[in-house]
Amino acid sequence: MLRRQLLLGAASLATGVVAGLAPSAPALAQQQTVKVGFIAAMTGPQASSGRQMLQGIRLYQALNGDTVAGKKIEVIVRDDTGVADQTRRIAQELIVNEKVAFISGFSLTPLALAVAPVITQSKTPAIIMTAGTSIITAQSPYFARVSFTLPQQTMPMAEWAAKNGVKTAVTLVTDYGPGLDSEKAFAEKFTELGGKVLAQLRAPLANPEFAPFLQRAADAKPDAIFLFVPGTQAGPLMRQVVDRGLTKSGVKIIGPGDITEDEQLVSMDDSVLGVLTSHFYSAAHGSDANKRFVAEFRKANNNQRPNFFAVGGWDGMHAIYEALRKTNGETDGDKIMGALRGLEWDSPRGRMSIDPQTRDVVQDVYIRRVERRDGELYNIEFDVVRQVKDPYRK
Ligand code: PHB
């Protein structure tokens, strides 16, 4: 491959010289570089998700090199501040002016949805590293997801609760795509197994004030309160849960793992011990691949703990590298999507794949409990549901 490229390079140089039209250095570099646009919230309330995804991407490149199939992979980072109009505008700019072969990132569902028409029209593969609403991947054939979907993460918790003595629950979710998905998935599975949902509460995404909602949830006296907020709001949510004494009141606090996201979990206190979640990633996952990932991430980032956003960035980069390896470095959008379909690998999270039909992520979902380990709070996995697909897009 390398030899062929060298030969081709030499041949075009030679003919260029003969014709007096030697390709300029930037033009040559262009042919040998694959640009990957990364668009996420790097500032504003969602900034921790953008930062962690990018740290995952950077680590992947640091440990695996920045060249694949003879092409140098250049990541172009853009901050959409969490505003969908910005995401769309930046995606257009990156595709038209920078000629990126991929876009990636997406801290929130509306930001991913905003680029669907742009990527469809330009046939640009887009790798979703965070956004988790079920329908996103149905909005363009050029989406592939390596993060999670809320129904995929939620149903195992609903099932575990119903089978472990929880008879009644109140749900409190953030009032937008992923929250509504988790509310629906929880109610569906929990009631199917005989549980009763006493109330369904929704808090706004912007500047949420959780206290009044938590009060109403507690007043209903359920066996469990099921919570979903985007991972960036885990700290403020759990502080309110603790401040209202809910973790000590006998009611079970349950949810998808967004509410005990690893980075913010470090600064919570022992009041959150015992919080139960179902999720695809814990920094405490015991595999060798994850131990190495966590150790290298800490080393590269001032001993900071990686969370599920970071693993999304890591795996997104892996998917891009593997797709390019399969196409021999060709960046045609349809060829790349063909290469992404059915791709399967060992991630720090465990075995995962991209479903060939839906282009959505298939992975193990673990049941975890917050425990103290080596002096720090972690989500400790104690049960697992293998290779879960999004239940709404099978
Ligand atoms: C989303 O907006 O889809 C989203 C963001 C953060 C999460 C989960 C879902 O933790």
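**Conventions for the views.** A crossing is called left-handed if the near helix is turned anticlockwise from the far one by less than a right angle, and right-handed if clockwise. Helices are DSSP runs (H or I, at least four residues) numbered from the N terminus, and axes are lines fitted to C-alpha atoms over the stretch in contact, with angles running from 0 to 180 degrees between N-to-C directions. The model is predicted, so local features need pLDDT of at least 70 and side-chain atom pairs count only at pLDDT 80 or more, while totals for chains, interfaces and linings use all residues. Residues are numbered from 1 along each chain as its sequence is written, and side-chain values use heavy atoms, with hydrogens and water left out.

**View 1. Crossing of helices H4 and H5.** The axes of H4 (residues 84-96) and H5 (residues 109-122) come within 8 Å and cross at roughly 30 degrees. That makes H4 roughly parallel to H5, since angles under 35 degrees count as such. The crossing in which H4 passes H5 is right-handed.

**View 2. Packing of helices H3 and H12.** H3 (residues 47-64) and H12 (residues 308-326) pack with their axes 7 Å apart, at an angle of about 45 degrees. The two helices are therefore oblique to each other, and H3 passes H12 in a right-handed crossing.

**View 3. The second largest pocket.** A pocket is an open set of points on a 1 Å grid over the protein atoms alone, with protein on both sides within 12 Å along at least five of seven lines, whereas a cavity is a set where a 1.4 Å probe fits but cannot get out; lining residues have an atom within 4 Å of a point. The second largest pocket holds about 190 Å³ of space, and its lining includes Pro45, Gln46, Leu108, Asn207 and Gln233. By class, this lining has five nonpolar, six polar and no charged residues. Because domain 1 (30-148 + 287-359) and domain 2 (151-279 + 366-388) both give residues to the lining, the pocket lies between them.

**View 4. The largest cavity.** With a volume of about 110 Å³, the largest cavity is lined by 19 residues, of which Ser107, Thr130, Phe148, Tyr176 and Pro230 lie nearest its centre. Its lining divides into ten nonpolar, eight polar and one charged. Domain 1 and domain 2 both give residues to this lining, so the largest cavity lies between them.

**View 5. The second largest cavity.** The second largest cavity has a volume of about 50 Å³, and among its lining residues are Asp355, Asp360, Lys389 and Arg393. Six charged residues, two nonpolar and one polar make up the lining.

Definitions and conventions. Points joined across faces, edges and corners; volume = space filled by probe spheres on them. Nonpolar A, V, L, I, M, F, W, Y, C, P; charged D, E, K, R; others polar. Domains from an automatic or database assignment. Parallel < 35°, antiparallel > 145°, perpendicular 65-115°, else oblique.
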